[in-house]
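Please examine the sequence and the structure before reading on.

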Amino acid sequence: MKHNEMRIVKIRKVKMETRNVKTIFFEDKLSASAEPGQFLMVWIPGVDEIPLSISSASGRLASVTVKEIGEATRALNKMKKGENLGIRGPFGSHFRVVGKNALVVGGGIGTAPLFMLVTKLLNNGVKTTIIEGAKTRSEILFHDQLLALHDKRGLKVMFTTEDGSYGTKGVVTEAAEKCLSEEKFDSMYVCGKEAMIRELYFLAEKHGIQMQASLERIIRCAMGICGSCVIGRYRVCKDGPVFDSSQLREISIELGKFQRNFRGERIPIEN
Ligand SMILES: Cc1cc2nc3c(=O)[nH]c(=O)nc-3n(C[C@H](O)[C@H](O)[C@H](O)COP(=O)(O)OP(=O)(O)OC[C@H]3O[C@@H](n4cnc5c(N)ncnc54)[C@H](O)[C@@H]3O)c2cc1C
Ligand code: FES
């Protein structure tokens, strides 16, 4: 079976993470062997096909963690155990282990691929700190799983909330800046809104550390053909979604500022 051929999979389990975020588990050998940061094209029968990061992969089971935004994500989060989905993938580049001391930063649903990443970093003997930012306490993702990794594997975990209802009050970039000024990290791994990625990119450059960030663009074919996901000279579906510092440098003018709409027109990013 080629990874870009659609497979029909049965939903094995649905876990409610927050009010509007669910994790959907299914059995698929290819997805279960994916690397952190790779994504799937998920077809919701009769609705649409959308890109989603793989949020866990172990044994034969894999999952996606989905936030309700519009029609397709709403329909997906209404689906129940036993119903069928179509999947293609895994696609794209993935986070690579660089150095011995890592700072991982996730904002909102951007945390979806990062639990798998921190597990990989810890398995590779990397000292790891994760900062997760959310608007409010009830929107924090993977809270208990991250604290379990703290207890068992020494993961350093920090939370920020914009309203101060949990962890440090403020935004995740402020906490990251504080960490970077207090400790020497070898690399930073980021997923979230592009304005946040842009700020963290400049911080990484200032501190002279390697950064890898997962970017989002409109993805349709996921195979580098249609051009809907272009950023600079790259295609997010094939060259990304994870880009490293040298690639981010090349696209820093567009990063967090412009994207393409469904018609392929270059438009400002609203944050
Ligand atoms: C590589 C990648 C990984 C992603 N991982 C996750 C994830 O793990 N969890 C998650 O909840 N969301 C993830 N997303 C975002 C997710 O694809 C969109 O939220 C979803 O497509 C919205 O579809 P909708 O029909 O519900 O909303 P719509 O109302 O159709 O769209 C709402 C907004 O979502 C974005 N969007 C819509 N269709 C696409 C598309 N085909 N490609 C990219 N963006 C689109 C656009 O910005 C659009 O304005 C990821 C996106 C990319 C590119
Ligand atoms: S989604 Fe078609 S080229 Fe990337």
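The sections below describe the domains, their interface and the pocket.

## Two domains

The model is predicted. The domain assignment divides the chain into domain 1 (2-91) and domain 2 (101-216 + 244-255). Taken over C-alpha atoms, the centres of domain 1 and domain 2 are 23 Å apart.

## The interface between them

At the interface, 18 residues of domain 1 are in contact with 12 residues of domain 2. About 1,100 Å² of area is buried between domain 1 and domain 2, and carbon and sulfur atoms give 65% of that area.

The count of salt bridges between domain 1 and domain 2 is 1. A salt bridge joins the side chains of Lys120 and Glu35, with a distance of 2.6 Å from N to O.

## The second largest pocket

The second largest pocket holds about 330 Å³ of space. Its lining consists of 20 residues, and those closest to the centre of the pocket are Ser55, Ser56, Ala57, Phe115 and Met116. Two or more lining residues come from each of strand E1 (7-18), strand E2 (21-27), strand E4 (48-58) and helix H3 (114-123). H3 gives the largest share, 5 residues.

Both domains take part in this lining: domain 1 and domain 2 each supply at least three residues. Sorted by class, the lining of the second largest pocket comprises 7 nonpolar, 8 polar and 5 charged residues.

Technical notes
Residues are numbered from 1 along each chain as its sequence is written. Chains are lettered from A and ligands numbered from 1 in the order in which they are written. This is a predicted model: local features need pLDDT of at least 70, side-chain atom pairs count only at pLDDT 80 or more; totals for chains, interfaces and linings use all residues. Side-chain values use heavy atoms; hydrogens and water are left out. On a 1 Å grid over the protein atoms alone, a cavity is a set of points where a 1.4 Å probe fits but cannot get out, and a pocket is an open set with protein on both sides within 12 Å along at least five of seven lines; lining residues have an atom within 4 Å of a point. Grid points are joined across faces, edges and corners, and a volume is the space filled by probe spheres set on the points. Helices (H or I, at least four residues) and strands (E, at least two) are DSSP runs, numbered from the N terminus. Ala, Val, Leu, Ile, Met, Phe, Trp, Tyr, Cys and Pro count as nonpolar, Asp, Glu, Lys and Arg as charged, and the others, Gly among them, as polar. Domain bounds come from an automatic or database domain assignment. Contact means heavy atoms within 4.5 Å. Buried area is the accessible area (1.4 Å probe) that two parts lose on being put together, summed over both. A salt bridge is a side-chain nitrogen of Lys or Arg within 4 Å of a carboxyl oxygen of Asp or Glu.
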